[in-house]
Amino acid sequence: MHFHHHGYVTGNPRIQAPAGIGTERPEELPDEMDVLIVGTGPAGMITAAQLSQYPQVHTRIIERRPGRLEVGQADGIQARSVETFQAFGFADEITNEAYRITEMAFWKPDPENPDHIVRTSRPLDDEHGISEFPHLIVNQARVLDYFAEYMARSASRITPDYGVEFLDLKVTEDTDYPVHVTVRHLTGKHEGAERTVRAKYVLGADGARSQVRRSIGRKLEGDSAKHAWGVMDTLAVTDFPDIRLKCAIQSRSGGNILLIPREGGHLFRLYVDLGEVADGDAGKVRNTSLEEITAKANAILHPYTLDVKHVAWHSVYEVGHRVTDKFDDVPEELTGERTPRVFIAGDACHTHSAKAGQGMNVSMQDGFNLAWKLGQVVTGRSPESLLATYSQERQVVAQNLIDFDKEWSALMAKKPEEMEDPSVLEDFYVKTFEFPAGFMTEYEPSMITGTKEHQQLAEGYTVGKRFKSAEVFRVCDGNPVHLGHLATADGRWRIYVFADAPAAGETSQVARWADWFKNAPDSPLQRFTPSEGDEDAVFDTKVIYQQRHSEVDINAVPDAFKPKVGPFRLTYYNSVFALHPETDIFAERSISREGAVVVVRPDQYVAQVLPLQATAELAEFFAGIFTDQV
């Protein structure tokens, strides 16, 4: 962690000193604010958590419930989400608390006795080593708790405004706070009172029945698979041997089960196939009783039995795949001409089955994508045109998710005898693992994502995809670290400079690049860093040399990689790296020995790959994103 640069910290360094709105944050929901978030689900909470790192931005998050969520419906945490938690500082804590998936068992009818099920395979969850982060299962409520703790400890001191219901909104001609939002207080001394608050921007993260979506005229479009599933979180006594493994279970005639072990060692979730929904059912299938779901589960598990002792939560749902055409309030024909003022995220703009474990995960990436953009725009670092990239990027991701989930849900609902190949379900799971793990997202070129003109310089860092970490050695203290794990959710852009062959202090292209970045008038550092801020306030710039750490003279490293920070202008040495003795990052990520510059967005996606000589291109790229600072 980075602290003590403002003086000795005697307490918990994770608790930031109040600043900006955090020094005088109104206890009650005020009449005016910069950003209003509706809903404390995953999309809303990660947005608030990221915006908490912009204490100049007055952010509020309202929730109609009287308090925190106690029982969450979502539970699957993909590796990309754990990678994101790392940036927010709680990946280790939540991993220790969660159930970790390392294998998945597939069960099918026994060929010798088809009325019984038998295990047919047990592949690794990530047999290709796509990520160093695990696949976890933990209650959604705990994820929200961690985000709540993070933003309460931030300089902004954000806490949710519970017991406040969104009713409607209007986008007006008001130049300061154009979004007028009608809310109702459901608890407290103002219970029953309706009022209008004003905001510069509003995010609707209020679920599949989103009132914010309705208020801007957006609709979820799509279809239903006409197939019903019962789901329950249960404590039970059973002789099924894989009760603590994730399982896909297919019976001959009783349907299918997806079994998900839960955290704590005892709880598990069952998605129980209730079969096709008849035309004209009119939702009657949703009245299926818990006893019927349990009986169905026992029929599928035969010859094993399930004696349910306690059910923490259960529901019945029909698989639906729906997505809105845009994730903001700007009509398609006015895109690029009008500034978005209202956004929707998570279930408010895409719904699908729960069996692929994507709902909470994709929702959080929605919020992560939007939050830093709002932070940059409200603080005046970037033009409002930046906000149009949110819908442009995330709508494509949502559609890809819908397409994937349709295929996965259809396979899960099939009977074994309907499969052309008996191993098709296992093969699909292994073959497509990168998608549900969260690593298939690839943003198209835009004002914040460049082209692949120079991709050959760093083939392991695909422009538009998330920055994949690798191990290096930190020069100043000789410690091995994961390079990507050092990127915190602080809203800064990362510039990873991979040096050419000469060592620090020798004549090299990286030295010339560093001199330009530190001193040239057209350098992003000079143009876009506020005069009163630290040298690394906007750009977190790191250098990786091709030598061993013991061969790098820290005093010979250019000052561009040793920024002065804090009121005492202390030198920060922790941004200089060398090769790990066992893993060469240049070889592992296919980086040219001539060097390269890899630019990474605040949400961890690679924005640009350039040669060290391309300073003009780098300056031009950032000039389209930032506004000059004074």
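This is a predicted model: local features need pLDDT of at least 70, side-chain atom pairs count only at pLDDT 80 or more; totals for chains, interfaces and linings use all residues.
Reader: Great. Which residues of α2 are buried, then?
Author: They are Ala79, Arg80, Ser81, Val82, Glu83, Thr84, Phe85, Ala87 and Phe88. That makes nine of the ten residues of the helix, which spans residues 79-88, so α2 is largely enclosed by the rest of the structure.

Reader: What do those buried residues pack against?
Author: Their partners are the helices α1 (42-51), α3 (91-97), α4 (140-152) and α7 (359-378), along with the strands β3 (76-77) and β7 (135-137).

Reader: And what comes just after α2?
Author: Glycine 89, which takes a positive phi of about 85 degrees.

Reader: Let's switch to charges. How many salt bridges are there in the whole structure?
Author: A search finds 46 of them. As background, side chains of opposite charge can pair when their charged atoms come close.

Reader: Nice. What does arginine 269 pair with?
Author: Arginine 269 forms a salt bridge with aspartate 233, and their closest N and O atoms are 2.7 Å apart. The arginine lies in strand β15 (residues 268-276) and the aspartate in strand β12 (residues 221-238), so the bridge ties together parts 36 residues apart in sequence.

Reader: Is arginine 269 buried or exposed, and why?
Author: Buried, because its relative accessibility is 1%. Aspartate 233 counts as buried too, at 2%.

Reader: What about arginine 184, which partner does it have?
Author: Glutamate 165, with the closest N and O atoms 2.9 Å apart. This pair also links distant parts of the chain: arginine 184 sits in strand β10 (residues 179-185) and glutamate 165 in strand β9 (residues 164-171), 19 residues apart.

Reader: How accessible are those two?
Author: Arginine 184 is partly exposed, with a relative accessible area of 25%. Glutamate 165 is at 16%, and since the cut-off for buried is under 20%, glutamate 165 counts as buried.

Reader: Which residues are linked in a network of salt bridges?
Author: One such network links Asp490, Arg492, Arg494, Asp536, Asp540 and Lys542.

Reader: Now aromatics! How many aromatic pairs are there?
Author: The count comes to 31 aromatic pairs. One of them joins tryptophan 516 and phenylalanine 517, which are tilted, with 6.3 Å centre to centre and 50 degrees between the planes.

Reader: Are tryptophan 516 and phenylalanine 517 buried or exposed?
Author: Tryptophan 516 is buried, with a relative accessible area of 11%, and phenylalanine 517 is buried as well, at 1%.

Reader: Which cluster do they belong to?
Author: They are part of one aromatic cluster, together with Trp372, Trp493, Trp513, Phe528, Phe539, Phe561, Phe621, Phe622 and Phe626.

Reader: Last one: what sits over the ring of phenylalanine 439?
Author: The charged end of arginine 466, at 3.8 Å from the ring centre.

Definitions and conventions:
Residues are numbered from 1 along each chain as its sequence is written. Side-chain values use heavy atoms; hydrogens and water are left out. Rings of Phe, Tyr and Trp (its six-membered ring) pair if their centres lie within 6.5 Å; planes under 30 degrees apart count as stacked, over 60 as edge-to-face and the rest as tilted. Buried means under 20% relative accessible area, exposed over 50%, partly exposed in between (1.4 Å probe, protein chains only). A charge sits over a ring if NZ of Lys or CZ of Arg is within 6 Å of the ring centre and within 35 degrees of the ring normal. A salt bridge is a side-chain nitrogen of Lys or Arg within 4 Å of a carboxyl oxygen of Asp or Glu. Helices (H or I, at least four residues) and strands (E, at least two) are DSSP runs, numbered from the N terminus. Contact means heavy atoms within 4.5 Å.
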